Amino acid sequence: MGEPTAYVPRRSVLYMPSSNERALEKAKTLPVDALILDLEDAVAPDAKESARENACAAAASGDYGDREVTIRINGIGTRWHDADLTAAAEAGPAGVVVPKVGSADQVRSLVAALEAAGAPEHTMLWAMIETPEAIFNVRDIASASPRLAVLVMGTNDLVKELRADHVPGRGPLITSLQLSLLAARESGIAILDGVYNDVKDAEGFEAECVQGRDFGFDGKTLIHPGQVEVCNTTFAPSEAAVADARGILEAWEAGAGSGVVTHKGRMIENLHVDIAQRVLATHDVIAGRR
């Protein structure tokens, strides 16, 4: 079992089309935790090369403050993949996001390619999980390399591959989401929920954020800046949760050696202390970014 790393806020992770220079400039002002500068779906074939140049310049600029900047390259086997990976490695973003990763061997090959291209140590691999093959292999994928930091759920492609429908509650995706979560938690890496497509449906979006948080996701990938605020709030500990965590730790310390410790009528055990400590650590990191 992998040991979880120190908490890195990835509540809101916004895809930005790298062919749109105005969007890249706007991203510097958005209250997102992380950006995925996209070279894949959001970029037309005739704009791929200029988008690559834009994304790499942005990632290397240092102009995005404490936002985690990553680059999504085109997939394995496409004609842009090798050049994208080499350029991204040289730019040294926080992460290189690769679509449709399907096996542990692919993870290892991608890591080897990043290292051969001179990627700095801080540039990690983010693997998108968006095919049936990936779901069946997700446990091996998650543990394939120490350089793999994040699993990113590609729920649109999963729905397509399953021949399913986008429905409230995401019943067709529950198995895939939960298997991927299990794999990420076993390996001690982060995992991001997929996008919500209807940017005008605020109620549905918030409900899906709550579902993702309750499942255990670290955050959610987004397609519109208007989704950021709700996402940040939902995936951060609430004031009530922070107060409860502090109360649990105070009760635990006060009851040391007594055998039985309670807080608000509930029995407190080591696992509750661990959860409370994680809540407060998460809160402190988020508070430090404001």
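Author: Let us begin with a term: two residues are in contact when heavy atoms of theirs lie within 4.5 Å. Please also keep in mind that this is a predicted model.

Reader: Which residues does Leu 151 touch, leaving out those up to four places away in sequence?

Author: Leu 151 touches Ala 127, Ile 129, Val 138, Ile 141, Ala 142, Ser 180, Ala 184, Ile 189, Ala 190, Ile 191 and Leu 192.

Reader: And how many residues does the largest nonpolar core have?

Author: The largest nonpolar core has 65 residues, and those with the most contacts inside it are Leu 35 and Leu 151. Apart from that core lies another one, of 13 residues, among them Trp 126, Met 128, Ala 190 and Val 195.

Reader: Let us turn to strand 6. How many of its residues are buried?

Author: Six of the six residues of strand 6, residues 148-153, are buried, so this strand is largely enclosed by the rest of the structure.

Reader: Which way do strand 5 and strand 6 run, parallel or antiparallel?

Author: They run parallel, and five bridges join strand 5, residues 124-129, to strand 6. Leu 148 in strand 6 is the bridge partner of Leu 125. Between these strands the chain passes through helix 5, residues 132-142, and this β-α-β crossover is right-handed.

Reader: What about strand 7? How many bridges join strand 6 to it?

Author: Three bridges join strand 6 to strand 7, and this pair runs parallel. Here Leu 151 stands opposite Ile 191 of strand 7.

Reader: Which residue stands opposite Val 96?

Author: That residue is Ile 71. Strand 3 and strand 4 run parallel and are joined by three bridges. The chain goes from strand 3 through helix 3 to strand 4 in a right-handed β-α-β crossover.

Reader: How many bridges are there between strand 4 and strand 5?

Author: Strand 4 and strand 5 pair in the parallel sense over four bridges.

Reader: You mentioned helix 3. Which of its residues are buried?

Author: In helix 3, residues 81-91, the buried residues are His 81, Asp 84, Leu 85, Ala 87, Ala 88, Ala 89 and Ala 91. They pack against helix 2, strand 3, strand 4 and helix 4. Just after helix 3, Gly 92 takes a positive phi of about 70°.

Reader: Now helix 8, please. How far does it reach from its first C-alpha to its last?

Author: Helix 8 covers residues 202-215 and reaches 20 Å, close to the 20 Å expected at 1.5 Å a residue. Its buried residues are Gly 204, Phe 205, Glu 208, Cys 209, Gln 211 and Gly 212. Seen down the helix axis, these buried residues fall within an arc of 160°, so they line one face of helix 8.

Reader: What does that buried side pack against, and which exposed residues are on the face turned away from it?

Author: The buried residues of helix 8 pack against helix 7, strand 7, strand 8 and helix 9. The face turned away from them carries the exposed residues Ala 202, Glu 203 and Asp 214. Just after helix 8, Gly 216 takes a positive phi of about 125°.

Reader: Which residues other than glycine have a positive phi?

Author: Examples include Lys 100, with phi near 50°, and Arg 170, with phi near 55°. As background, most residues other than glycine have a negative phi.

Reader: Where is each of them, and is each buried or partly exposed?

Author: Lys 100 is in the loop between strand 4 and helix 4, and at 36% relative accessibility it counts as partly exposed. Arg 170 lies in the loop between helix 6 and helix 7. Its relative accessible area is 5%, under the 20% cut-off, so Arg 170 is buried.

How values were computed. Residues are numbered from 1 along each chain as its sequence is written. This is a predicted model: local features need pLDDT of at least 70, side-chain atom pairs count only at pLDDT 80 or more; totals for chains, interfaces and linings use all residues. Side-chain values use heavy atoms; hydrogens and water are left out. A nonpolar core is a set of buried Ala, Val, Leu, Ile, Met, Phe, Trp, Tyr and Cys residues joined through side-chain atoms within 4.5 Å. Buried means under 20% relative accessible area, exposed over 50%, partly exposed in between (1.4 Å probe, protein chains only). Helices (H or I, at least four residues) and strands (E, at least two) are DSSP runs, numbered from the N terminus. The expected span of a helix is 1.5 Å times one less than its number of residues. The arc is that of the directions from the helix axis to the C-beta atoms. Two strands pair if DSSP finds at least two bridges between them. A crossover is right-handed if, with the strands pointing away from the viewer, the path from the first strand over the helix to the second runs clockwise.
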